[in-house]
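User: Could you walk me through how to read the way two chains meet?

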Number of protein chains: 2
Amino acid sequence: MTTSDTFPQTELTRVRRTAKRASYERDTVHGVVDSTYVCQIAFAIDDQPHCIPTAHWRIGDTLYIHGSNGSRMLRALGEGVPACVCVAQVDGLVLARSAFHHSMNYRSAMIYGRFRVVEDDDEKWASMVAFMDKMQRDRWAQVREPNEKEFAATTFLALTIEEAVAKVRTGPPIDDEEDLGIPVWAGVLPLVTSFGEPVQDMAHVATTA
Amino acid sequence: MTTSDTFPQTELTRVRRTAKRASYERDTVHGVVDSTYVCQIAFAIDDQPHCIPTAHWRIGDTLYIHGSNGSRMLRALGEGVPACVCVAQVDGLVLARSAFHHSMNYRSAMIYGRFRVVEDDDEKWASMVAFMDKMQRDRWAQVREPNEKEFAATTFLALTIEEAVAKVRTGPPIDDEEDLGIPVWAGVLPLVTSFGEPVQDMAHVATTA
């Protein structure tokens, strides 16, 4: 399959304001999508919008989510209603010399489309493997695989990423020239997400002691 | 004004699945809302849902957002269409011994309501002060205040938090008893967001050198 390096700008994805921060590059969008463990999905049921956070992962141009068969969100999205998926990460607080020019550095992606239920068992299985391996590299090979009941109890949905845009802000505050002399600290306070000390589950001790 | 310590459970906010993770406590919802700098807002224009990340802050039971007068999102939300605001924070990856029981620790809040445009200049001003001081304590007192033009160019929207629910997961993986002997590391990989080394903007050097 040949794919273009950029997504087309559409009525939905064309960024009007601060358009210089927008990117339609496939790699940029994919990179933002992969940078978080959880996305937010907007959809409406009977004209009432919902915004639900859920774990997501990606294989190529396909974004996956999953959950229990009983989930109202999955049932609604599985019917193919219009959806908007958002991934957003704040990278820093941008402190300017004037209140007006304060900002944030961030990476975000918005994807418009409709989900489909993953009906094919092979795709469903491959998607699970990818999710485990996103949580920790090579995790799938080490854990107990789902049994028939667990496999059947879980719904997987897929959305092809084809109408998407990323927005990224980086760099220092942009103050007005005449404010540069104001004696206040200005710059960026980076926000960094990292792993803390792992907390091992000791539940097995009870069974082996 | 007397306020109850909990929000009512409504058709929109009653959590059906993993209901034990749900909280309608006002303090819990407020705490989650305050824990991030950016929220996601779902709303629809002509049946097309959008999910937009934007900075938010809170004074009491009121959630504020802001932006340029020209913003399509602010125009739509300012008309009072139904909205759903989501705040979500991943606190850790929960690695179980079976694929099925992998999970994430998180804090999330969903707020249903309609925004109003902040028309009162005093409320608008107080809201700006609160936003600056959320970015950095006592910041407002140090920076140049908005001039008339900047003040007029910015729209502030407010939403009263009265239909809201928080969901929180904490703690170790919950494996099936018969899986506890599987020789794989299980536990929680905490995800921690913290401030990195501040990066001072040196733009003033050019003017003072």
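Analyst: Helices (H or I, at least four residues) and strands (E, at least two) are DSSP runs, numbered from the N terminus, and two strands pair if DSSP finds at least two bridges between them. Here two bridges join S11(A) to strand S12 (residues 199-200) of chain B, the two strands running antiparallel, and A:Gly187 stands opposite B:Gln200 in S12(B). This is a predicted model, in which local features need pLDDT of at least 70 and side-chain atom pairs count only at pLDDT 80 or more, while totals for chains, interfaces and linings use all residues. Residues are numbered from 1 along each chain as its sequence is written, chains being lettered from A and ligands numbered from 1 in the order in which they are written.

User: How many residues does each chain bring to the contact?

Analyst: Two residues are in contact if their C-beta atoms, placed from the backbone, lie within 7 Å. By that criterion the contact takes 77 residues from chain A and 75 residues from chain B; on the chain A side, the largest share, nine residues, comes from S11(A).

User: What rotation superposes chain A on chain B?

Analyst: Copies are superposed by least squares on the C-alpha atoms of residues with pLDDT of at least 70 in both. A rotation of 180° with 0.0 Å of shift along its axis superposes chain A on chain B, with an RMSD of 0.0 Å, and the two copies are thus related as by a two-fold rotation axis. The same surface serves both copies, since 97% of the contact residues of chain A recur in chain B.
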